[in-house]
Amino acid sequence: MTLTSFFRIFLAGVIAPSMTGCSYMARQVLAPQKDVSKFYLLTPTADTAAPAQAAAATSGNFTLGLGPIKLPPYLDRPEVVTRAAPNRLELSKEDRWGESIQNGFTSAIERDLAAQAGATVIVFPWYNTVHIDMQVQIDVYRFETDANGTATLSAKWTILDSTGKNILYTVESNLTQPSKPGDMTEAAAALSRTIGDLSGQIANMLQQLRSQRGAHTT
């Protein structure tokens, strides 16, 4: 055997296993990865209200214009956001919202208000020909859970008259609900409850304003 032949055999013995290892690694890297994403939704508290209570609340003839509703830009993403520190946010690698949080928030509070305020709710924008009795605008500052599982909803909300030009009432609300740390199912439920709490505050004020208006017209 010549020296050249020996080196050829030697190199073949070294390179072949290396190529096999590289091929295996490439297959592992390029192989489809398992999707571990989990998806969550915000739900109206009206869905869990007693049927008799919901039926009593929805009686009446009152049309409420809901919106605009503004949420902070950092929530405009599919990943669930957690406030890890006062000035730091974390995006989940696995937990996702099943719909845009703007749509989820709007849908939840629309149904909550319909039940709690006994109103027909029309979501912004609406045609100029549509009659509304009052309008509610909501500016959300915070809407997320923290590392301790506390769900926080901070928002300024304003009630306007039927023209949308005169402010009848405005206030800021800071609402919290507990949940189990690290449990996104409970976190989504807690966030949903904060929406229900906000809806309850708005509904109570709407009722007071409606009573005042009724007293003035009698």
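This is a predicted model: local features need pLDDT of at least 70, side-chain atom pairs count only at pLDDT 80 or more; totals for chains, interfaces and linings use all residues.
Two strands are said to pair if DSSP finds at least two bridges between them. Helices (H or I, at least four residues) and strands (E, at least two) are DSSP runs, numbered from the N terminus.

Residues are numbered from 1 along each chain as its sequence is written, and side-chain values use heavy atoms, with hydrogens and water left out.

I begin with the overall plan. The protein has four helices and eight strands, and along the sequence they follow the pattern α-β-α-β-β-β-α-β-β-β-β-α. Of its 218 residues, 35% count as buried, where buried means under 20% relative accessible area, exposed means over 50%, and partly exposed lies in between (1.4 Å probe, protein chains only). A contact means heavy atoms within 4.5 Å. Among the contacts with a separation of 6 or more, 68% come from residues 24 or more positions apart.

Next, the strands. Strand β7 (residues 151-160) and strand β8 (residues 167-177) run antiparallel and are joined by 10 bridges. Which residue of β8 stands opposite Ile159? That residue is Tyr169. The hairpin of β7 and β8 has six residues between the strands, and Gly164 there takes a positive phi near 75°.

On its other partner, β7 is joined to β6 by 10 bridges, again antiparallel, with Val140 opposite Ala155 in β7. Four residues lie between β6 and β7 in their hairpin, and Gly149 in the turn has a positive phi of about 90°.

Strand β6 also has parallel partners. Five bridges join it to β2, and in this pairing Leu64 has Met134 of β6 as its bridge partner. With β3, the parallel pairing of β6 runs over two bridges, and Thr82 is partnered there by Thr145.

Two peptide bonds deserve a remark. The bond from Gly67 to Pro68 is cis, with omega near 0°, and Pro68 is found in strand β2. The bond from Phe124 to Pro125 is also cis, with omega near 0°; Pro125 sits in the loop between β5 (120-123) and β6.

I now come to the interior. A nonpolar core is a set of buried Ala, Val, Leu, Ile, Met, Phe, Trp, Tyr and Cys residues joined through side-chain atoms within 4.5 Å. The largest such core has 43 residues, of which Phe105, Ile109, Ile138 and Phe143 touch the most other members. The elements β2 (63-70), β3, α3, β6, β7 and α4 each supply at least two residues of this core, and α4 gives the most, with 12 residues. Leaving aside neighbours within four places in sequence, Phe143 is in contact with residues including Leu42, Phe105, Leu153 and Ile195.

Beyond its neighbours within four places in sequence, Thr106 is in contact with Leu66, Ile69 and Val123.

Finally, the empty spaces. Rolling a probe the size of a water molecule over the atoms shows where empty space is left. On a 1 Å grid over the protein atoms alone, a cavity is a set of points where a 1.4 Å probe fits but cannot get out; a pocket is an open set with protein on both sides within 12 Å along at least five of seven lines; and lining residues have an atom within 4 Å of a point.

The largest pocket is lined by 17 residues, of which Thr82, Asp95, Thr145, Gly182 and Met184 lie nearest its centre. Strands β3 (79-85), β4 (88-97) and β6 (134-146) and helix α4 (184-217) each supply at least two lining residues. The largest share, four residues, comes from β4.

How many cavities of 30 Å³ or more does a search of the whole structure find? The search finds two. The largest cavity is lined by Leu75, Val80, Val81, Trp97, Ile101, Phe143, Glu144 and Leu191, with β3 and β6 being the elements that give two or more residues to that lining. The second largest cavity is lined by Tyr40, Leu41, Leu42, Trp97, Glu99, Ser100, Ile101 and Gly104. Thank you for your attention.

Methods. Grid points are joined across faces, edges and corners, and a volume is the space filled by probe spheres set on the points.
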